[in-house]
Amino acid sequence: MNQGAETYNHSIYFEPSRCNGEMACLKICPVEAIRVRSGKAKMLEEKCIDCGECVKICKTGSIVPLTNTFKDFSKFGYTIAIPSLALYTQFDRNIKPKTILSSLKKTGFNEVADITRACISVIRTMGRYVKEYKGRKPLISSFCPTCVKIIQMRYPELIDNLIPIISPMELTAKESKREASARLEIDESEIGVIYITPCPSKTVIISKKTEKYYSAFDGAIPVSEIYNTLYDAIQKTVKSRDDDFEFFDISGFGLNFARLGGLGFMMNCDNSITVSGINNVLYILDEIEKGKLHNVDFVEMHGCTEACLGGPMNIENVYLARTNLHNLINYYGESRIPFGKKDKYETYNLIYENMFEPEYKDDVNIDIKKALAKRSERKKIYSELPKINCGACGSPTCKTFAEDVAEGELNINDCIIITNNILEEKLKNFEFGMPGE
Amino acid sequence: MEQEILYNKIFRIVGRDFANAGTVSVKIKKILKEIGIKPEVVYRVSICCYEAEMNVIMYARFAKMDFTITSDEVIIILEDEGPGIENIELAMKEGFSTATQEMRELGFGAGLGLPNIKNNSDEFKIESELLKGTKLYFKINLN
């Protein structure tokens, strides 16, 4: 991490010097966590859910994902890179994961690992968990950190619906670390495991080490950061064909994990739904909260459209990436869980009870009377506003503007429509002519 | 001791209205959130309200939910016109349900409704008259 204090709990930060105040991010933020003040965008930390929508839309580069660079890993004697499945889809369709992985190793890692086998192990356990679950339905997938964060912050009553299972990346990271430390006879702390990530939200999970559960990763490098170096390495590998000597145990079935709808498909769960895109996720969570989806067994949830292929730090456009993924699945051609193969991760415990806890700021006991007064003040201010949600004041909607005025951060005259009306009124009553005439 | 009522609102719930199921508890949750009540309390209130609301929608014809906030508690009184509960002791047992097959297919009727309200509230009372209706009273402390 190159920025921020210990307590900073977000994967992105706003660099004011680069912001040109165009406010593209203001409107895109699905949870109204951005304000523009004096021409510079800023984030309301207690509202942000790390979805990365603002990173995608900002053209000035003032919204910076907090990820690592190569330099951060020089302290480790041995490094292992574990790429997200999205990396396999970022190149020309003729370039196979084997080539990508061996080229990735050449860019400066001691070892690389593929996660598709771990995907199958995780899915097996998850399928069992869904089948045996007796509580309130539907169960919700927990692999998208943004979706988990939304639930922790805004829908704490749905926390028990999250499947408390570790992700295939984590599983691979744990196993690779253990293997390498046994093979090389060095301590695990000397081994750096790095995730090649399509989105910034993973970094929050990685940096968070709670008592119950901690990540085996030591950092994350965005796909976009590594892309150019990797692209060159791939060209060289293709020419020299030296990846022929490497072997990676890649499963075509495991690749379905990255596909939108892949989880339900892999678990063979016909009573499941898939939702992607942050606004759709919020809509479905509202529906679940109202009890509309009690008859669905499983909901696969992704903050980005087209799941991790749509991550803000990918390079290839998401539709091409999707085609690439489908081609890869066909190329490896396993349509169901492969039998007879030994499960490398069989002995691992994948389910962690109470893995997720509600997340909100510690509230001191509030004075209800004052709070209610404030609420009616907000309502009163809101009733006077034009309600066109223009955003010119720097708050995304008239409702948030009313909140900001009630908090004393803004003045009602910061609304350009109200100010304009006042001026027009004044002009009407203004009498032209010379004084004393 | 009578406490000063700081906020009061009455919601109406219509039985069998599955299209609008859950909307009243979502509204209550929204109000509590806007005031800035502690999330744990909001969570408990919304669970209780949701269960109570679903009971009305599944079994009763009509109900009014009286929602009150005082300086240190949330009080909800729910009066419905409906079939009433024959055996309250049995209805309070976890897993007991009179839900029809159709309701169960919709994912309801696990027999956890009333026990869930009792477990999540600080004070809970229930009265019922057969063929007339049920009156539910529960209270959740704010602090």
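How many disulfides does the structure hold over all chains?

## Cysteines

The structure holds zero disulfides over all chains, a disulfide being a pair of cysteine sulfur atoms within 2.5 Å. This is a predicted model, in which local features need pLDDT of at least 70 and side-chain atom pairs count only at pLDDT 80 or more, while totals for chains, interfaces and linings use all residues; side-chain values use heavy atoms, with hydrogens and water left out. Residues are numbered from 1 along each chain as its sequence is written, and chains are lettered from A and ligands numbered from 1 in the order in which they are written.

Two cysteines illustrate the result. For A:Cys19, the closest cysteine sulfur belongs to A:Cys25 and lies 6.3 Å away, which is too far for a bond. A:Cys19 counts as buried because its relative accessibility is 11%; buried means under 20% relative accessible area, exposed over 50%, and partly exposed in between (1.4 Å probe, protein chains only). In chain B, the sulfur of B:Cys48 is 6.8 Å from its closest cysteine sulfur, that of B:Cys49, again too far for a bond. B:Cys48 also counts as buried, at 0% relative accessibility.

## A hairpin in chain A

Strand 2 of chain A spans residues 34-37 and is covered on both faces. A:Ile34 and A:Val36 are buried on one side, and A:Arg35 and A:Arg37 are buried on the other. Strands (E, at least two residues) and helices (H or I, at least four) are DSSP runs, numbered from the N terminus.

Strand 2 of chain A runs antiparallel to strand 3 of chain A (residues 40-43), and four bridges join them; two strands pair if DSSP finds at least two bridges between them. Within this pairing, A:Arg35 stands opposite A:Lys42. The two strands form a hairpin with two residues between them, and A:Ser38 in the turn has a positive phi of about 50 degrees.

## The interface of chains A and B

The contact (heavy atoms within 4.5 Å) takes 22 residues from chain A and 35 residues from chain B. About 2300 Å² is buried between the chains, and carbon and sulfur atoms give 54% of that area. Buried area is the accessible area (1.4 Å probe) that two parts lose on being put together, summed over both.

Five salt bridges are found across the interface, each a side-chain nitrogen of Lys or Arg within 4 Å of a carboxyl oxygen of Asp or Glu. B:Lys29 forms a salt bridge with A:Glu289, with the closest N and O atoms 2.1 Å apart. The elements giving two or more residues to the side of chain B that touches chain A are strand 1 (5-14), helix 1 (23-35), helix 2 (39-59) and strand 2 (62-70) of chain B. Helix 1 of chain B provides the largest share of that side, eight residues.
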